[in-house]
Amino acid sequence: MSKLMNAKQYEDSLRKLNLKVYQFGRRVANVVDDPIIRPSMNAVAATYEFAHKPEYEDILTTTSHLTGRKINRFTHIHQSTDDLVKKSKMGRLMGSLTACCFQRCVGMDAMNALSITTYAIDEKHGTEYYKRFLKYLEFVQDNDLVCDGAMTDPKGDRGLGPKKQFDPDLFMHVVEERPDGIVVSGAKAHQTGAVNSHEIIIMPTITMREEDRDYAVSFALPADAEGITYIMGRQSCDTRKLEGMSFDRGNMFYGGHEALVVFDKVFVPWERVFMFREYDFTTMLVENFAAYHRQSYACKVGVGDVLIGATQTVAEYNGAEKASHVKDKIIEMNHLNETLFCGCIACAAEGHREPCGTYQNDLLLANVHKQNITRFPYEIARLAQDIAGGLVVTCPSEADLKSPEVGAYVDKYFKTKADIPTEHRMRILRLIENITMGTAAVGYLTESMHGAGSPQAQRIMIARLVNMKQKQKVAKELCGIDKSDNLT
Ligand code: SF4
Ligand code: FE
């Protein structure tokens, strides 16, 4: 039976996992309640909780094409361009409610890419991956699980392929084939939401050649499978979360996280293997996942919504909101943010049906969208800091504001208007700091740059996908270099 979990049930389900997580050189005894990790758990929990709200139901839930049961859209396989458009809207919605990375898209994108690729492998090689995958998908949908879609290998020397690395584990690979399954070693880096996930889905990180057959592997495992270790990534200002509910943390509720996930001779049963040495399908899996995940960066539009709201607020607190340059800068922020929204909606609306029935978004437009994502959030953040002023980085702490000795000075000298509490001004500045250079800047800025592929990866795809011949043909016809059949 299908069960749509709520936030509490999701949290309880995580407590049943036995993850091996390290942070600051020590094993984390209680992952769910760890003060640094918990805001990221809250952000994933929001994808469960908001799915129960009638106003978000149409965006956050849908019907499984497998079972006809109601499911969370984060576990859905897109069945139409309408589904793809709703996926983009879901990203913006969740970003606008949490102002951070809510982590659940990578698993959704991995499953959609696998649905297309496993079907295609079976067509060519007569394998049974698609059937296996659908069984796994039903399990994920019925239990409303979070999957960590894991693609990025450490990659070692970028000038060398997997087989030529001095250490074979720098790319995930098969170390043993057994009658009941395979054994794998390697690691996945920068894994968004890894320790908030029930499952981990592994995909190859690049196109593999025949000599790299052992690296052409895709599979899914429970997140706490024997031999998996998680090492948490640090974030700027992360230890502010150890200061209790101080507003110095900026975002009081939510955050994201990334981790290095190490696989030390991990066993995978055959029923969880979705690609095994079919190196000729690694390009398809990588490109489909990349296209889906580049669309998923609709999330940044939602975070942008919050940043723009915070910037307008601080402008009003400062009494600067009527200055023409401030108004114009806020228009520019909105223009850039809505331009980003255009890209993720367009690549969804221009999607197409793959032979297995899954809808894939338009690859060219998804790459253009992600290329814009590598730039516009930086400009939006720059304008936010411009309007907010230097106090974003020179503001004393909440403890200073509350200090019996100096609190009155902080209150007096950072007050802008009689009816605006200094504390409110400090809170909104901390939120701007959080998004543009604190823990949330991981998601809003650097992940915008490198997540789902660094800028050059999109430029290569844009060059490949654009129909240059057609553009040249018409240009040559119109100026009379070539004759045209179409022109009168
Ligand atoms: Fe989803 Fe955005 Fe986080 Fe990626 S960065 S997992 S697309 S919320
Ligand atoms: Fe990402």
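The model is predicted. Ligand 1 sits among residues that include His293, Lys300 and Glu447. The largest pocket has a volume of about 1400 Å³. One open sheet has 4 strands, and another has 6.

**Ligand 1**

- Cys101, Phe102, Gln103 and Cys105 belong to the surroundings of ligand 1.
- Thr192, His293, Ser296, Tyr297, Cys299, Lys300 and Glu447 also surround ligand 1.
- Two elements give two or more residues to this shell: α7 (282-296) and α8 (299-318).
- By class, the shell holds 5 nonpolar, 4 polar and 2 charged residues.

**Largest pocket**

- The lining of the largest pocket consists of 49 residues.
- Nearest the pocket centre lie Thr152, Lys155, Thr205, Gly453 and Ser454.
- Which element gives the most to the lining of the largest pocket? Helix α7 does, with 8 residues.
- At least two lining residues each come from β7 (181-192), α7, α10 (363-373), α16 (441-450) and α17 (455-465).
- The lining divides into 19 nonpolar, 19 polar and 11 charged residues.

**Sheet of 4 strands**

- The strand order is β5-β8-β9-β12, in an open sheet with mixed pairing.
- Strands β5 (147-150) and β12 (273-276) form the edges, and each pairs on one side only.
- From one strand to the next, the twist averages 15°.
- Strand β9 (residues 217-222) pairs with β12 in the antiparallel sense, over 3 bridges.
- Val217 stands opposite Phe276 of β12.
- Helix α6 (residues 129-143) lies across β5, β8 (199-202), β9 and β12.
- The angle of α6 to β12 is about 145°.

**Sheet of 6 strands**

- This open sheet runs β2-β1-β10-β11-β7-β6, and its pairing is mixed.
- Which strands are at the edges? They are β2 (26-27) and β6 (173-178), each pairing on one side only.
- Strands β10 (residues 228-232) and β11 (residues 258-269) run antiparallel and are joined by 5 bridges.
- Met232 has Ala259 of β11 opposite.
- Strand β7 is part of this sheet, and β7 also supplies at least two residues of the largest pocket's lining.

**Val306**

- Val306 is placed in helix α8.
- Leaving out residues up to four places away in sequence, Val306 touches Gly95, Ser96, Ala99, Leu431 and Ile435.
- Val306 and Gln235 are 71 residues apart along the chain, and their C-alpha atoms are separated by 20 Å.

Methods
Residues are numbered from 1 along each chain as its sequence is written. Chains are lettered from A and ligands numbered from 1 in the order in which they are written. This is a predicted model: local features need pLDDT of at least 70, side-chain atom pairs count only at pLDDT 80 or more; totals for chains, interfaces and linings use all residues. Side-chain values use heavy atoms; hydrogens and water are left out. A residue is near a molecule or strand if one of its heavy atoms lies within 4 Å of it. Ala, Val, Leu, Ile, Met, Phe, Trp, Tyr, Cys and Pro count as nonpolar, Asp, Glu, Lys and Arg as charged, and the others, Gly among them, as polar. On a 1 Å grid over the protein atoms alone, a cavity is a set of points where a 1.4 Å probe fits but cannot get out, and a pocket is an open set with protein on both sides within 12 Å along at least five of seven lines; lining residues have an atom within 4 Å of a point. Grid points are joined across faces, edges and corners, and a volume is the space filled by probe spheres set on the points. Two strands pair if DSSP finds at least two bridges between them. Axes are lines fitted to C-alpha atoms, for helices over the stretch in contact, and angles run from 0 to 180 degrees between N-to-C directions. Contact means heavy atoms within 4.5 Å.
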